[in-house]
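Let's walk through this model together, one question at a time. Have the sequence and the coordinates open beside you.

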Amino acid sequence: MPITIAIDGHSSCGKSTMAKDLARQIGYIYIDSGAMYRCCTLFCIEQGLIREDGTVDVEALEPRMGEINVSFRFNPETGRPDAYLNGENVESRIRTMEVSSYVSPVAAIPFVRKAMTAQQQLMGQKGGIVMDGRDIGTAVFPNAEMKVFVTASPEVRAQRRYDELRAKGDDVSFDEILKNLQERDRIDSTREVAPLRQAPDALVLDNSHLTIEEQKQWLLDRFKEKTGE
Ligand code: CDP
């Protein structure tokens, strides 16, 4: 029987990389729940729903939630799924610092969470899924058979995100990334609905000193232990 795997943790700690690789290795579906909140944020930016002072126009967004349709399609070039917003590939546009700077306030809005959580639960109905995010093991799939909580020191996380964005040619500074991820962790952990928390039954991984290969192996070993494969 395919199981449900929930991977939660702090910003930029390499959850997505390990979740995607595990899903590919074991033939499960991978869903990046953060990409869904990033799509909602891109929608807000493009539709002028972010005010001049940087706050979200919540009243204007609520009646328009039905216009936000997020889906994922496998990209054979990268071997990973790309995010689509209303049929358009937005994978690179949702990864910018601009989206990162508004995503936590957008993700804290209760009706946004309600809509995304319902979609995520539908995607995971049949099991056989690896989903990563902030509240997957606590709110989206509280009965997931395998839960992992990932973290690393803020400096290590900022360095990883800096290297990733620089490699893509983005002109970002280390300090702005560090500030952004600390601010997102703060908002994500203190919001009222489904805050970022370690589920009591989660396996904890601090990957500050692990290579991508090592963390990949750690996750695969835990999966084998769980499923007896
Ligand atoms: O990859 P990174 O750690 O930068 O973040 P992400 O997984 O793309 O998530 C972006 C943002 O979406 C987070 O900072 C949260 O504010 C929000 N999020 C959430 O509220 N709940 C989730 N299950 C996933 C993401």
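Q: How far does a polar side-chain atom of R113 lie from an oxygen atom of the ligand?
A: Good place to start, with a few ground rules: this is a predicted model, in which local features need pLDDT of at least 70, side-chain atom pairs count only at pLDDT 80 or more, and totals for chains, interfaces and linings use all residues. Residues are numbered from 1 along each chain as its sequence is written, and side-chain values use heavy atoms, with hydrogens and water left out. A polar contact here is a pair of N or O atoms within 3.5 Å; within protein, one must be able to donate a hydrogen and the other to accept it, and residues adjacent in sequence count only if both atoms are side-chain atoms. For R113 and the ligand oxygen, the distance is 2.7 Å.

Q: What share of the ligand's accessible area does the protein cover?
A: On its own, the ligand has 530 Å² of accessible area (Shrake-Rupley method, 1.4 Å probe).

Q: Which helix gives the most residues to the shell around the ligand?
A: Helices are DSSP runs of H or I with at least four residues, and strands are runs of E with at least two, numbered from the N terminus. At least two shell residues come from each of α2, α4 (97-107) and α8 (174-190). The top contributor, with 4 residues, is α2.

Q: How many of the residues of α2 are buried?
A: Buried means under 20% relative accessible area, exposed over 50%, and partly exposed in between, using a 1.4 Å probe and protein chains only. Of the 14 residues in α2, the buried count is 11.

Q: Which residue has a side-chain oxygen within 3.1 Å of the backbone nitrogen of G34?
A: This contact is found at the start of α2. At the other end, just after the helix, G48 takes a positive phi of about 70 degrees. The residue reaching G34 is D32.
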